[in-house]
Structures are given as structure tokens and as C-alpha cells.
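Please take a moment to look over the structure shown below before reading on. The explanation after it is meant to be read with the model in view.

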Amino acid sequence: MMAYLVSAYSLIFGFLAAYFVWTGTRLRRLDREVAVIREMLTDIDHVASRSSPDGQ
Amino acid sequence: MKARKSILRGERVTIPLLVAGMIGALSLALLWSPVDVRLGIVQKIFYFHVASAWNAFLAFFVVFVMSILYLWRRNRAFDIVAGVSAEIGLLFTTIVLVTGSIWGRSSWNVWWSWEPRLTTSLILWFMYAAYLMIRSSAVSWEKRARLSSVFGIIAFVDVPIVFMSIRWWRSKLHPVVFGSGAGRSGGGVDPRMLLTLLFCVAVFSLLYFVLLNRGIRTRKLGIEIDTIKRTLFERTGWGA
């Protein structure tokens, strides 16, 4: 009886914890990716404005 | 250089609340609620099994409402919420099926029985698995959103069937614990058991909303990345 209860509880909290950690990791990874790409975009704009005839 | 703030900083209040809630729910279920006279200690699966089922129904109801709203308003935000909610609903349905199977093995001596509640729950799992497969198909997002919204509305038909199955088909294995009248067969619930169950449902509902919020932000970031990458490509020609 106890073994069934322990198995069920382990599975419930195992599934939930795994999903919870996975969603957090995915969110942080995408957030970092957005920051990197935004920075890249800013750099490109900066270089483009300097190399244009109107730039300094 | 200033350090960037974590994207999860918004969860500074909800995470401790969730952890405290989970500890409270476990304490109530394992220590405070009485041991069932007939089923023994294994009955304590009930609290998280039912809380998971409640959350799955809530998640699929959100999919249903958001699908209707998407077809009506054609706003992508509704489609995003529906997709995330379906994913969480499928997770909770998986937990319901797995824990139900373990409980069934202990109480009925079988891992699985083709009785109405189990069969309709399995159909529900397959329907939302199919829903997520539609969402991952390689077509334009508008077409995918339209298709999945229609499917999200149709799939919800199974939710009331799952709930009513033991009343309609008079299941011999699944007792009707809640409600009153001739259909009830489970002998009711002890007030301490009911309070524990309500607490578990509340904590799991909070978890659902935390996961929903994370999922929505993840999808929005994904869309933002696609948009920026497109802009980058247009400006530089990279990736051609």
C-alpha cells in the first residue's frame, strides 16, 4: 500500500518539478537570446549610420 | 556593466507562495487528513489525483474559451493562451492517468480497466495530444491557429463526458463521491478530507496560473525572436 502511495506522489511531483524547471530554463534561454539579438541589431544600426555618407 | 535583471524576477512572490502551498498540501494530505477505513493509506493519492483532474478541466476550459475568442476576434494573443493551456492540461491529464492507474492497481488489482471514466479520460488525453500536434504543424500561424481553435472547441466536448461518465454509465469501479441523490455511491467525504482536497485544488490552480504565465511569456519571446531575426535578415541578408 505504502509503495503505491510513494510511487504516485513521486510521479506527481516528479512530473510537475521537471515541467516547472524546463519552463523556467526555456524562458531564461529565450530571454538571453532576445537580448543578444537586440544588441546585434543595435550594433548593425550603429555601424550602418557611421558608414553612411551622412554619418560622422 | 550593469547586470541584466532575471526574467523570472516577477515570480519572487508566487514561487515562495507555491512552495509553501505545496508543503502545506503535502502536510495536510499525509499528516492531517484521516486514513480511509476501506481503502487504507493509498486513498491519499485522491487529493492530488483529483486536484490534477480539476486543473486539466480548467486548462481545457481555457483552451475552449480562448479558441472561441480567437475565431471571433482573430487576435493572436488568444491563440497563444490556448496553446499554452493545452500543454499544461495534457501534463495534468497524464498525471491523472498515471496516478489513477497506480491507485487502480492497489484498489482493483488491475493497472487498467476499460470502464467509462478511464476510457473517456484516455480519449481526452489523445484529443489534446492531437491538438498539440496540429499546433506544431508546419503551416502559417494563421492557418494553424484557425485549425487548432476549431479542434480546441470540438475536443472540449469530451470534458463534461469525462465528468458525467460515472453518473451516466453507472461505473462499478469509480464511485460518485460528490453530489447528492440516487447517483451517489461513494459514501461521502469526511470534512477534513474535503478541506485537504480544496487546499490541494487551490495550490494546484496557483501552479497552473504560474505555468500559464511562463508559457505565454515564452511564446511571446519566441515570436519576438522571429520578428527580430526577420528584421536582421532584411537589413544584412544574413541567413540567405
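This is a predicted model: local features need pLDDT of at least 70, side-chain atom pairs count only at pLDDT 80 or more; totals for chains, interfaces and linings use all residues.

Residues are numbered from 1 along each chain as its sequence is written, chains are lettered from A and ligands numbered from 1 in the order in which they are written, and side-chain values use heavy atoms, with hydrogens and water left out.

Chain B contains seven helices and zero strands, and along the sequence its pattern reads α-α-α-α-α-α-α. Here helices (H or I, at least four residues) and strands (E, at least two) are DSSP runs, numbered from the N terminus. The C-alpha trace of chain B spans about 70 × 45 × 30 Å along its principal axes.

Two packed helices are described by the angle between their axes and the distance between the axes. Axes are lines fitted to C-alpha atoms, for helices over the stretch in contact, and angles run from 0 to 180 degrees between N-to-C directions.

Within chain B, helix α2 (residues 45-73) and helix α4 (residues 116-135) pack at an angle of about 45 degrees, with their axes 13 Å apart. That makes α2(B) oblique to α4(B), since angles under 35 degrees count as roughly parallel, over 145 as roughly antiparallel, 65 to 115 as roughly perpendicular and the rest as oblique. In this contact (heavy atoms within 4.5 Å), B:F57, B:F60 and B:V63 of α2(B) meet B:L124, B:Y128 and B:Y131 of α4(B). By class, the contact of α2(B) with α4(B) has six nonpolar, no polar and no charged residues, where Ala, Val, Leu, Ile, Met, Phe, Trp, Tyr, Cys and Pro count as nonpolar, Asp, Glu, Lys and Arg as charged, and the others, Gly among them, as polar.

Helix α4(B) also packs with α3(B), and the axes of these two helices come within 10 Å and cross at roughly 145 degrees. Residues of α3(B) in this contact include B:A82, B:A86 and B:L90, while those of α4(B) include B:L124, B:Y128 and B:Y131. The contact of α3(B) with α4(B) has 12 nonpolar, four polar and three charged residues.

Helix α2(B) is also approached from chain A: the axes of α1(A) and α2(B) come within 10 Å and cross at roughly 30 degrees, and the two helices are therefore roughly parallel to each other. A:Y4, A:L5, A:A8, A:Y9, A:I12 and A:F13 in α1(A) meet B:I45, B:Y47 and B:F48 in α2(B), and this contact has nine nonpolar, no polar and no charged residues.

What lines the second largest pocket? Its lining is made of 19 residues, of which B:R76, B:R144, B:R219, B:I223 and B:D226 lie nearest its centre. The largest share of that lining, seven residues, comes from α7(B), and the lining divides into five nonpolar, four polar and 10 charged residues. A pocket is found on a 1 Å grid over the protein atoms alone, as an open set of points where a 1.4 Å probe fits, with protein on both sides within 12 Å along at least five of seven lines, and lining residues have an atom within 4 Å of a point.
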